[in-house]
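Student: I have just opened this one and would like a guided tour. Could we go through it step by step?

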Amino acid sequence: MALLERSIDRTRSRLDLPWIEAGDAEGYRARDQTNCIGCLSFAWHASELSSHHDPDLLDELRRAYLGEAKHVTDEGQFIWPNDKDMYWAGSHEHAWRLEPLLLGYVWVGDAFPEADREVIEAAIDRAADWLIANPCDQYNNRGAVWCAVTAMCGILLNKPKGYAAADGLARKILPEIVLDDGEIGEHTEQYAGGGPCTNYTY
């Protein structure tokens, strides 16, 4: 438990509210910051931790979610000034930013004021719709993460089209990357034609 507490303290020190709200520093930070938000949302929620229902942490998370919402475009993409573009790599990058926000909101969202929830939920909804509309059909971890997070959108946001899209693509991808012995073999040039890859199996 002490190790987890120290990890949460380090994560809290990395949460950069000025950047989330304004995005004025150059870098590749969106993915790291959304991960911090998801982790700290769990820390606020978990009754075993010293951060459980910490009012200061709750306010930091409220500001963080509102800052994220400001940087979800009308089309649903995550865009910050000066942050390095990540959409060239594929829609799985979008999924990696949306995932911790989805999970974190399950843990902390009900504690936010109603007016803030409306703004945050509208932004998450736009981001989810963008992900659903932009599948990643690569036969590797990228395609798998798109399926996983799109399915989460379907389940957590009551979007049947998301779950249906994820189910359809997963049925094509998973049989190609899960080998007979359960190991992961990624069949793309990026991974030299295939696995095994113990990291992604984990």
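Student: What percentage of the contacts with a separation of 6 or more comes from residues 24 or more positions apart?
Tutor: This is a predicted model, where local features need pLDDT of at least 70, side-chain atom pairs count only at pLDDT 80 or more, and totals for chains, interfaces and linings use all residues. Residues are numbered from 1 along each chain as its sequence is written, and side-chain values use heavy atoms, with hydrogens and water left out. Contact means heavy atoms within 4.5 Å. For pairs in the chain with a separation of 6 or more, the share from residues 24 or more positions apart is 61%.

Student: How many helices and how many strands are there in the chain?
Tutor: Both are DSSP runs numbered from the N terminus, helices being H or I with at least four residues and strands E with at least two. Along the sequence the pattern reads α-α-α-α-α-α-α-α-α. The count is 9 helices and 0 strands.

Student: At what angle do α5 and α7 pack?
Tutor: Two packed helices are described by the angle between their axes and the distance between the axes. Axes are lines fitted to C-alpha atoms, for helices over the stretch in contact, and angles run from 0 to 180 degrees between N-to-C directions. For α5 (residues 92–108) and α7 (residues 141–156), the axes are 9 Å apart and the angle is about 35 degrees.

Student: Which residues of α7 make that contact?
Tutor: The α5 side brings H92, A95, W96, L98, E99, L102, L103 and V106. Facing them from α7 are N141, R142, V145, W146, V149, M152, C153 and L156.

Student: How far apart are the end C-alpha atoms of α7?
Tutor: The expected span is 1.5 Å times one less than the number of residues. With 16 residues, α7 should therefore span 22 Å, and this agrees with the distance between its end C-alpha atoms, 22 Å.

Student: Which helices are included in what covers the buried residues of α3?
Tutor: The buried residues of α3 include I37, L40 and W44. Their cover includes α1 (2–14), α2, α4 and α5.

Methods: Buried means under 20% relative accessible area, exposed over 50%, partly exposed in between (1.4 Å probe, protein chains only).
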